[in-house]
Amino acid sequence: MRKLQVQGVHHITLTGAGRQISLDFWEGVLGMPFIFDQPNLDNPDEGHLYFDPGDGRLITIFTNEKRQPVHDRTPTDPGCVHHLAFAVSHATFEQAVVRLDERGISHSGVKDRGFMNSIYFTEPMGLLIELASYVFEPPMGCSHADVLIEAHRLRVARGDHNIGRVHLADAIEMLVERRQDSLSSDRGPKNPY
């Protein structure tokens, strides 16, 4: 038996409200470029809008003019989608509260998650949306996942409850030492003063 190895998310499709409501949220609030639309090829009563969330992949929305925004949270039963998280820069994240407030969009306020900051709110059909901003940059040639797996290992070894800034800093130092050779025979910390 062999695995079917995935290589990333191709797209996520959501059930939206009407076309304009969907455009107003996904492009008008979240800034995702609207890249194309066509009919839903499996349901002639629906449209199918395609947005780029910033990484060239796709978020697509099935639209139907009979569907209106709801104010209830989508179900969080087992097997249901709890929320979608989108990456934003630190600069954008710092503007999130003000920009959501300007539109009257209720939100969670900033949540410090140790390795990232988050803010939560719902889209027009009640799906919880998270804007997430990492509090670190990975070293050259490494991914955020590389840093997080090392930070996790450090956290567990130290018996800490969750990943914090110290785990991230130490993980980044470890990755740099592993990835980049040095002419020094001793790369340990020093105090030149």
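Colleague: What do the buried residues of H3 pack against?

Modeller: The partners are S8 and helix H4 (165–179). Packing goes by contact, meaning heavy atoms within 4.5 Å, and buried means under 20% relative accessible area, with exposed over 50% and partly exposed in between (1.4 Å probe, protein chains only). Helices (H or I, at least four residues) and strands (E, at least two) are DSSP runs, numbered from the N terminus. Bear in mind that this is a predicted model: local features need pLDDT of at least 70 and side-chain atom pairs count only at pLDDT 80 or more, while totals for chains, interfaces and linings use all residues. Residues are numbered from 1 along each chain as its sequence is written, and side-chain values use heavy atoms, leaving out hydrogens and water.

Colleague: Which residues of H3 are buried?

Modeller: Here's the general idea first: an α-helix has 3.6 residues a turn, so residues three or four places apart point the same way. In H3 the buried ones are Val147, Leu148, Glu150, Ala151, Leu154 and Arg155. They fall within an arc of 165 degrees (taken from the directions from the helix axis to the C-beta atoms), so they line one face of the helix.

Colleague: And what sits at the ends of H3?

Modeller: Ser143 caps the N-terminal end, with a side-chain oxygen 3.3 Å from the backbone nitrogen of Ala145. Just after the helix, Gly159 takes a positive phi of about 75 degrees.

Colleague: Which residues touch the most other members of the largest nonpolar core?

Modeller: In soluble globular proteins, nonpolar side chains tend to be buried together. A nonpolar core is a set of buried Ala, Val, Leu, Ile, Met, Phe, Trp, Tyr and Cys residues joined through side-chain atoms within 4.5 Å. Of the 20 residues in the largest one, the answer is Trp26, Phe51, Phe86, Phe121 and Ile129. A second, separate core of 10 residues includes Val147, Ala151, Leu154 and Ile163.

Colleague: How many bridges join S7 to S8?

Modeller: Strands pair if DSSP finds at least two bridges between them. Seven join S7 to S8, running antiparallel, and Ile119 has Leu131 in S8 as its bridge partner. On the other pairing, two bridges join S7 to strand S6 (residues 111–112), also antiparallel; there, Lys111 stands opposite Ser118. As for burial, six of the seven residues of S7 are buried.

Colleague: Is Ser106 buried or exposed?

Modeller: Exposed, with a relative accessible area of 62%. Ser106 is in the loop between H2 and S6, yet it touches Tyr120 and Phe121, not counting residues up to four places away in sequence.

Technical notes. Polar contact = N/O pair within 3.5 Å; in protein donor to acceptor, adjacent residues only side chain to side chain.
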